[in-house]
Amino acid sequence: MATEKSDVSSMEVDDQISTDPKFSIYVLQLLKSSQMQHGLRFGDYTRYRRYCTARLRRLYKSLKFTHGRGKYNKKSITASTVTEVRFLHLVLYTAERAWSHAMEKRQLPDGPNARQRSYLIGRLRKAVKWATLFAELCAIKGDSRTSLEAEAYASFMKGNLLFEQDQNWDIALKSFKSARVVYEELGKYGDLDNQVLCRERVEELEPSIRYCLHKIGESNLQASELVHIGEIEGPALDLFKAKLEAVMAEARSQQAASMTEFHWLGHRFPISNAKTRVSILKAQELEKELHDRMEGALPAEKRLTVFDKIFAAYHEARGSIRNDLATAGSSENIKDDLSGLDKAIGAVLGQRTIERNQLLVSIAKSKLSKARDEKNEKVTKPEELVRLFDLLLQNTSDLSDLLSSGRDRKEEEVALSEEYEVKSLIFRAERCFFLAKSYSSAGKRTEAYSLFSLARSLAENALKKLRSAANHDQMMIKELETLYNNCRSNGCVEHAMGIMEHEKAPEDLSKKISTVSISGSDKKLEKFLVEKLDSYESAVGDSSTKVAPRIAAYLPTFQAIARNPIVLDLAYNSIDFPSIENRMKTDKKGFISRLWG
């Protein structure tokens with residue numbers, strides 16, 4: 001009997017295990033949605049960590065899994081504890097909170113110090129611990145796809161920890177590769193959104209894998225080529241980018257030790273400050289990256305991002321130079337060198353600013369004539385191009401003022417100043433052209449024709465100066481010729497349109513006057529709603545028409561009324577009216593007033 005009872009109890013347990021529901025979580029989709037909605041779209045790990053903390057508080061409270069009031073009584077989560085899917089969410093968001101806290105410390109302005117780095121690694125260890133627990137629980141309580149995603153998530157966290165520790169690169173490589181294999185397989189199945197997310201994660205893991213191969217020595221990748229690896233955006237790449245920036249900063253520091261002078265337009269300025277050297281070297285590397293790669297290979301948005309990094313590096317260099325100027329003391333030679341270096345960096349900054357604004361002009365021109373596409377991009381208006389050319393004119397003016405300052409000007413400085421004077425004339429012609437376009441779109445033909453004529457003469461003057469220069473730019477000459485022809489053709493169109501409108505003006509005016517009536521239109525209008533309240537009829541017109549609702553008359557209509565005849569009093573000046581002085585009141589004076597007048 002005992003044997004039979006034990007057999008029955010074991011069968012009941014087997015039935016319970018077999019009928020135990022399997023939970024399903026789209027881990028990557030859930031995390032991506034949370035990250036993008038709560039700070040990581042802009043790299044704000046503090047906001048995301050606070051969201052994870054608030055989310056955990058809500059989960060603990062809703063599950064009634066709190067750790068007691070007053071004294072803390074830890075409650076561990078095991079497979080028997082997981083009775084619903086929210087327990088798995090609890091473990092997952094705990095791992096996310098630890099990971100986001102570590103990334104928050106990694107993004108400190110001057111980088112984490114030794115103590116903060118130790119804390120950072122401790123938080124990553126916590127993230128690995130909870131991610132491993134999440135994978136173990138999903139293997140028991142989750143379906144096969146959820147278990148696979150949890151394993152990939154745990155491998156990714158383990159790879160992050162080893163990546164930050166700068167050790168066991170082979171194990172880190174193995175972890176990243178195992179995560180990539182899982183996401184590659186999951187990217188072949190499921191709905192379209194999940195497939196896209198899995199492929200994005202595979203692309204985000206690729207730079208970390210290549211960097212691990214580089215550290216192991218299995219890749220012949222050069223340090224300068226590492227910059228191009230991390231061009232993909234995503235939270236999974238932030239740790240890699242921080243590590244890459246540290247490596248590049250170290251390489252720049254070693255290279256900057258041999259950099260003693262800054263060459264600019266025939267001048268040589270000594271650089272004594274190591275921080276200034278590193279900032280200038282970083283800016284020069286970014287400039288080299290910007291000009292070495294073909295224009296079509298790097299999208300316009302990426303080029304704008306590179307320009308922003310160049311500006312940041314040069315501004316940092318100028319800040320160091322001005323700090324040195326403040327502490328230079330009374331040494332005139334050092335002050336002259338630092339002032340010259342500051343002027344040179346300012347001139348380079350001005351040139352890069354003009355190049356960036358020219359890139360913005362080319363982007364705006366490409367969107368000027370095309371209609372809205374599938375991405376619903378905003379079509380550029382001529383007024384926006386006018387504003388951009390205003391900025392370019394201000395930039396060239398500032399740069400010309402900077403180049404003309406100083407006593408001993410080199411020939412290179414004079415040549416550069418003359419070049420930007422011609423560019424200023426070209427920008428004026430372009431600005432005038434697009435200002436005429438804006439007047440044309442507003443229907444002001446006279447103003448548009450005058451501006452097109454002025455733009456044509458400016459373009460002609462600029463062409464003459466360019467052709468007379470020793471080393472003229474053929475591309476710029478071709479663009480100016482196109483502008484000249486456009487000004488001429490648009491001017492002719494505006495002239496013709498103006499004449500046509502002038503000829504049609506009397507006819508249009510007579511047509512409009514002929515329809516004017518004092519009593520209103522002859523068409524019988526419907527009654528207003530206030531006049532037919534006893535009948536149920538709509539006072540609102542059809543939605544497809546633009547007829548105003550007829551609810552009540554706002555103002556009374558004009559009506560023809562009789563007027564008194566106008567009398568012109570022509571005889572007024574010829575009438576001789578009688579005197580009325582005897583009827584006027586006289587003042588009576590007293591005795592004293594008679595004496596004193």
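1. Helix α15 has 24 residues, which at 1.5 Å a residue should span 34 Å, and its end C-alpha atoms lie 35 Å apart, in agreement with that figure; the expected span is taken as 1.5 Å times one less than the number of residues. Helices (H or I, at least four residues) and strands (E, at least two) are DSSP runs, numbered from the N terminus. The model is a predicted one, in which local features need pLDDT of at least 70 and side-chain atom pairs count only at pLDDT 80 or more, while totals for chains, interfaces and linings use all residues. Residues are numbered from 1 along each chain as its sequence is written, and side-chain values use heavy atoms, with hydrogens and water left out.

2. Helix α14 (residues 411-441) packs against helix α15 (residues 445-468) at an angle of about 160°, with the axes 8 Å apart; axes are lines fitted to C-alpha atoms, for helices over the stretch in contact, and angles run from 0 to 180 degrees between N-to-C directions. The two helices, α14 and α15, are therefore roughly antiparallel, a term for angles over 145 degrees. The residues of this contact comprise 18 nonpolar, two polar and five charged, where Ala, Val, Leu, Ile, Met, Phe, Trp, Tyr, Cys and Pro count as nonpolar, Asp, Glu, Lys and Arg as charged, and the others, Gly among them, as polar.

3. Buried residues of α15 include R445, L451, F452, L458 and L466, buried meaning under 20% relative accessible area, exposed over 50% and partly exposed in between, with a 1.4 Å probe and protein chains only.

4. The largest nonpolar core holds 65 residues, and F262, W264 and L480 have the most contacts inside it; such a core is a set of buried Ala, Val, Leu, Ile, Met, Phe, Trp, Tyr and Cys residues joined through side-chain atoms within 4.5 Å. Among the elements that give two or more residues to this core are β1 (261-264), α14, α15 and α16 (474-514), and α12 gives the most, with 12 residues.

5. L391, which has its place in helix α13, is partly exposed, with a relative accessible area of 38%, and its C-alpha atom is separated by 7.7 Å from that of N357, 34 residues apart along the chain.

6. A reader checking the backbone may turn to K64, in the loop between α3 (45-62) and α4 (85-106), where phi is near 55°, a positive value in a residue other than glycine. K64 counts as exposed, at 73% relative accessibility.

Terms used. Parallel < 35°, antiparallel > 145°, perpendicular 65-115°, else oblique.
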